Amino acid sequence: MRHFINDIEISPKNVNEIGVISDFTIKDNPELLSLNVDSVTLVREGYDVVKQHIANIGIFEGIPYRVEMEPGISLEYFVDLTDAGCVFKTHECEVKIKRRLANDSFFENANATSFELMLKKGVNFPTFNVPYVVIKDNQLEVGISLSLSIFGITREIIQVAKEIQESIAEIVQASTLNAGVLPSVDTGDIIALYIKLAARVVYFAALYLAILDLATQLFTLIFPPIRNLKACKLKDLLTIGCNYLGYEFESTTLDALPNYTVLPVPLIRDRESIFDVTPNALIQPFNKGVPSSSDTVSTLGALMNATTTLINGETRVIDGLVKTERWDYYQNSTGNQITPALNLQAERDDSFSYNVDDIWKRYYIHYNLDLGDFHTMDVMYNYHDAEYSTEATSFVNADLVSIKGLNDVNPAFALGRRKNTYTYIEAVAKSFFGLIDNITGIFGNGTNFESQIDKRIGVLMIGQSFFTQTKLLWTVGGKQTADFTDYISAKSLWNNFHYINQIQLRDAIIKSDARVMLTNAEFVTLLNNNYAEINGLICEILRIEFIDETHFAQITYKTPDNYATGRVQTLIIND
Amino acid sequence: MKNLEQLNAIGKDLTKSLKQLEQLQRRFLADLPNDLQEKVQPIQKDIESTLKAMRKGDTNKINELTKRYANSDSK
């Protein structure tokens with residue numbers, strides 16, 4: 001290995017001890033190519049570069065550091081001067097070096113980068129409107145008011161209409177010629193009846209207009225206008241966030257799920273109180289469309305973690321490329337082949353252990369419930385969680401069955417309810433307003449309430465103007481599709497992503513610290529895909545420690561086994 | 001809902017009655033003595049303008065007519 005700091009070749013004091021370790025066991029953030037030593041000791045020209053950098057640029061920017069394994073194979077690092085482990089002496093310094101454009105530096109930045117910061121720096125996100133209606137849980141009260149109003153209105157209008165008909169009949173009667181020698185009409189009666197009819201028609205007209213006004217107000221109350229909030233597709237948020245930090249983002253898993261949408265909470269500063277604006281002012285979205293400090297995924301790092309939790313994935317950052325995939329993605333695409341030796345060389349023996357850390361008794365996937373949106377606890381409650389249990393298929397002594405552990409999966413989102421049908425009150429009111437439309441069609445000044453009601457199907461339903469948990473939706477054109485729960489419910493997360501965690505599907509044995517001969521190129525290839533064929537089986541490499549001076553690496557790997565097959569089964573507690 | 005359906009039916013009947021009244025006027029109003037015609041015609045015009053105002057949603061006109069015919073309905 002040759003070491004370069006700012007492209008100047010140096011020889012660290014502890015150069016012969018330096019090797020690299022990659023640990024893939026931390027699924028959501030594997031530690032790749034960290035040095036096997038705590039620090040690098042720089043002397044002479046190496047220390048001079050560090051001192052010069054601190055004097056000219058300061059400690060807040062790292063110093064490029066490169067480890068060249070062989071011509072054409074380099075590993076990029078940087079000296080992190082802000083790490084507390086950096087110690088400066090008179091003639092030497094001990095500094096921490098970290099992988100450049102890799103997991104550590106990416107997540108350190110991502111965890112501290114909010115979407116509001118990106119907005120402030122002029123980053124544009126492709127946000128779009130998500131139409132929603134507020135359906136409160138006061139349907140009974142509304143129902144009572146509605147019934148009373150309908151009863152009062154119809155009773156009065158029926159009465160007046162009948163009276164008008166009577167008046168007309170009376171006029172017809174009075175206008176009929178009286179029988180006699182000289183047929184005649186009762187002039188006085190006709191005038192009186194006309195006046196009576198005019199009075200009733202005027203009263204009817206006044207009542208009619210009042211009813212129309214009341215119906216309009218009632219309509220707004222029962223069917224508040226469709227409002228909009230801004231949202232953004234999950235992949236767009238991740239891609240643009242990574243680009244902002246100087247990384248590319250890729251995910252074939254998310255490519256196949258393009259409709260995942262993040263709806264941030266509608267909580268922003270300097271907005272007019274909802275009591276001070278007209279209801280129509282809320283039709284236009286007032287939120288920013290990207291997560292804010294009040295969201296459950298307030299930073300890029302938090303959103304990245306929520307995504308890996310959601311898709312049972314892992315995120316790897318290699319040479320500026322952030323890649324988030326379901327964790328078994330690499331297993332299916334490896335071409336690596338290695339041949340490890342026995343792992344107990346001194347005893348000429350092989351040892352192994354079972355992958356017991358992967359066993360769980362209870363697997364619980366659950367979205368957040370939002371007290372600000374009771375719909376997450378109403379119908380959506382059925383979709384918000386899924387629970388599974390690993391059970392022994394048979395046993396001799398029940399008390400000796402030892403299957404333990406909780407796997408708690410909590411994507412930091414709440415679900416959103418789609419308006420699939422009319423509520424009971426809406427169905428009643430729909431008929432009422434349909435009749436109002438008919439009646440106004442007869443007398444003129446016609447209304448079209450009913451057609452406005454039909455437009456509400458498919459939009460998002462929330463319980464009040466504000467909610468507190470960031471929502472994950474499955475939208476096409478801003479609305480959730482009728483089958484959205486097939487993609488987004490806790491059950492669908494299990495069926496699409498998490499079922500692979502059942503121990504009977506991933507039972508394996510672990511062999512630790514087996515020696516294997518590797519070239520530098522093979523070592524670098526294994527970093528990109530830590531699966532390799534060993535003795536005809538695709539095995540997962542959990543840890544590699546590589547010291548290139550000897551071209552030997554020590555690996556810990558997992559080889560498939562079938563110790564759990566047929567011994568346990570998964571019981572669905574609810575889904 | 002039954003009331004609403006009844007209201008809908010009555011609305012249709014009422015329309016028929018109003019048309020009947022219109023036909024009646026054509027038949028009899030022309031035959032009425034001049035003095036009677038002079039007295040009935042303004043009232044007839046008020047009825048027509050009431051229905052017109054109702055169609056247009058002209059609340060001011062309805063208010064004006066309401067004042068004119070206040071207490072005229074001796075039910």
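Predicted model: local features only at pLDDT ≥ 70, side-chain atom pairs only at ≥ 80, totals over all residues.
Trainee: Where does Asn138(A) lie in the chain?

Mentor: Asn138(A) belongs to the loop that connects β11 (128-134) with α4 (139-175) of chain A (helices are DSSP runs of H or I with at least four residues, strands are runs of E with at least two, and both are numbered from the N terminus).

Trainee: And what separates the C-alpha atoms of Asn138(A) and His384(A)?

Mentor: Those two C-alpha atoms are 23 Å apart, for residues that stand 246 residues apart along the chain.

Trainee: New topic: what is phi for Asp7(A)?

Mentor: Asp7(A) has a phi near 65°, which is a positive value in a residue other than glycine. For background, most residues other than glycine have a negative phi. Asp7(A) sits in the loop between β1 and β2 of chain A, and it is classed as exposed because its relative accessible area is 62%.

Trainee: What about phi of Asp513(A), and where does that residue lie?

Mentor: Phi of Asp513(A) is near 55°, again a positive value in a residue other than glycine, but Asp513(A) is part of strand β26 (residues 508-517) of chain A. With a relative accessibility of 38%, Asp513(A) counts as partly exposed.

Trainee: You brought up β2, so in what order do the strands of its sheet run?

Mentor: The order is β2-β1-β6-β7-β10 in chain A, an open sheet of 5 strands with antiparallel pairing (two strands pair if DSSP finds at least two bridges between them). At the edges are β2 (8-10) and β10 of chain A, each with a single partner strand, so one side of each has no neighbour in the sheet.

Trainee: How many bridges link β7(A) and β10(A)?

Mentor: There are 3 bridges between them, in the antiparallel sense, and Val79(A) has Ile97(A) of β10(A) as its bridge partner.

Trainee: Which residues of helix α2 in chain A are buried, and what covers them?

Mentor: In α2(A), residues 103-110, the buried ones are Asn103(A), Ser105(A), Phe106(A), Phe107(A) and Ala110(A). Their cover includes β7 (73-79) and β10 (97-99) from that sheet, together with α6 (234-244), α8 (300-310), β15 (313-318) and β16 (321-326), which also belong to chain A.

Trainee: Which strands pair with β19(A)?

Mentor: Strand β18 (residues 362-366) of chain A runs antiparallel to β19(A) and is joined to it by 5 bridges, with Tyr388(A) of β19(A) as the bridge partner of Tyr363(A). Strand β30 (residues 568-574) of chain A also pairs with β19(A) in the antiparallel sense, over 6 bridges, and there Leu571(A) of β30(A) is the bridge partner of Ser389(A).

Note on methods:
Residues numbered from 1 in each chain as written. Chains lettered and ligands numbered in written order. Heavy atoms only, no water. Buried < 20%, exposed > 50% of the residue type's maximum accessible area, 1.4 Å probe, protein only. Contact = heavy atoms within 4.5 Å.
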